[in-house]
Amino acid sequence: MYEIKQEKKEDWWDVESLLDLSFAPGREALSSYRLRDGVLPVAKLCLVARDFDGIIGGSIRFWPVQIGCNKARALLLGPIAVHPTRQGEGVGGELIRSALTLAKKDGWTRIVLIGDEIYYNKFGFKKSNFLRFPPPTNPNRLLYLELKPDAFKDVNGEIQRSE
Ligand SMILES: CC(C)(COP(=O)(O)OP(=O)(O)OC[C@H]1O[C@@H](n2cnc3c(N)ncnc32)[C@H](O)[C@@H]1OP(=O)(O)O)[C@@H](O)C(=O)NCCC(=O)NCCS
């Protein structure tokens with residue numbers, strides 16, 4: 001059983017260690033980090049799952065981004081990670097569903113991410129052929145979700161760092 005709470009300052013190092021464990025070395029060289037450089041995460045949507053002994057099981061973070069020449073506001077989901085010994089227990093799914101509910105409540109309408117469609121389509125994410133992510137990125141892994149119908153209508157082009 002897990003408790004999901006908003007990430008606090010004191011969670012930072014536990015989350016960073018979890019991310020180091022879950023991703024290949026040099027994760028900060030990934031193109032998604034260029035969209036995060038110098039931009040604050042969306043604090044309300046950064047969540048940590050801890051078991052009842054307080055041990056971290058998973059984390060999800062979000063950053064704001066903007067899309068296309070209209071600079072349409074969107075969220076970049078990630079990084080998300082679940083401790084290797086706790087994967088497959090539904091923690092990742094719970095983190096995503098909790099964050100999506102909060103995002104919707106806060107008026108966000110668009111989410112993008114880089115990931116495996118096979119995992120994220122159960123939360124409604126689809127492949128995008130109308131968005132571009134900073135290279136190097138496999139376009140097949142660029143996914144989007146509308147939290148409001150037609151939120152991506154007339155929104156296309158390059159995903160950029162939030163100004
Ligand atoms: C991806 C991740 C967050 C999923 O968390 P989780 O708690 O294991 O996920 P859940 O328990 O909610 O879901 C597990 C299911 O998703 C599947 N799944 C997990 N990762 C997957 C992937 N990359 N592609 C396809 N399916 C995947 C599992 O096989 C399992 O399927 P089942 O329910 O049919 O058995 C976790 O595996 C992880 O931290 N991976 C390493 C870091 C990473 O790759 N992060 C995502 C970057 S986009």
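Which residue forms a salt bridge with arginine 34?

1. Arginine 34 pairs with aspartate 37, and their closest N and O atoms are 2.8 Å apart. A salt bridge here is a side-chain nitrogen of Lys or Arg within 4 Å of a carboxyl oxygen of Asp or Glu. Arginine 34 is partly exposed, with a relative accessibility of 38%, and aspartate 37 is also partly exposed, with 36%. On this scale, buried means under 20% relative accessible area, exposed means over 50%, and partly exposed lies in between (1.4 Å probe, protein chains only).

2. The model is predicted: local features need pLDDT of at least 70, side-chain atom pairs count only at pLDDT 80 or more, and totals for chains, interfaces and linings use all residues. Residues are numbered from 1 along each chain as its sequence is written, and side-chain values use heavy atoms, with hydrogens and water left out.

3. The whole structure contains twelve salt bridges. One of them joins aspartate 106 to lysine 44, at 3.3 Å from N to O. Aspartate 106 sits in the loop between helix 3 (91-105) and strand 5 (110-114), while lysine 44 sits in the loop between helix 2 (31-34) and strand 2 (47-51), so this pair ties together parts that are 62 residues apart in sequence. Helices (H or I, at least four residues) and strands (E, at least two) are DSSP runs, numbered from the N terminus. Both ends are partly exposed: aspartate 106 has 37% relative accessibility, and lysine 44 has a relative accessible area of 49%.

4. Another salt bridge links lysine 71 with glutamate 163, at 3.1 Å from N to O. Lysine 71 belongs to the loop between strand 3 (56-67) and strand 4 (72-82), and glutamate 163 to the segment after strand 9 (157-161); the pair therefore ties together parts that are 92 residues apart in sequence. Lysine 71 is partly exposed at 42% relative accessible area, whereas glutamate 163 is exposed at 72%.

5. Some salt bridges share partners, and through them Glu7, Glu16, Asp20, Arg27, Glu28 and Arg61 are joined into one network.

6. How many disulfides does the structure hold? The count is zero, where a disulfide is a pair of cysteine sulfur atoms within 2.5 Å. Cysteine 46 is buried, at 4% relative accessibility. Cysteine 69 is exposed, with a relative accessible area of 78%.
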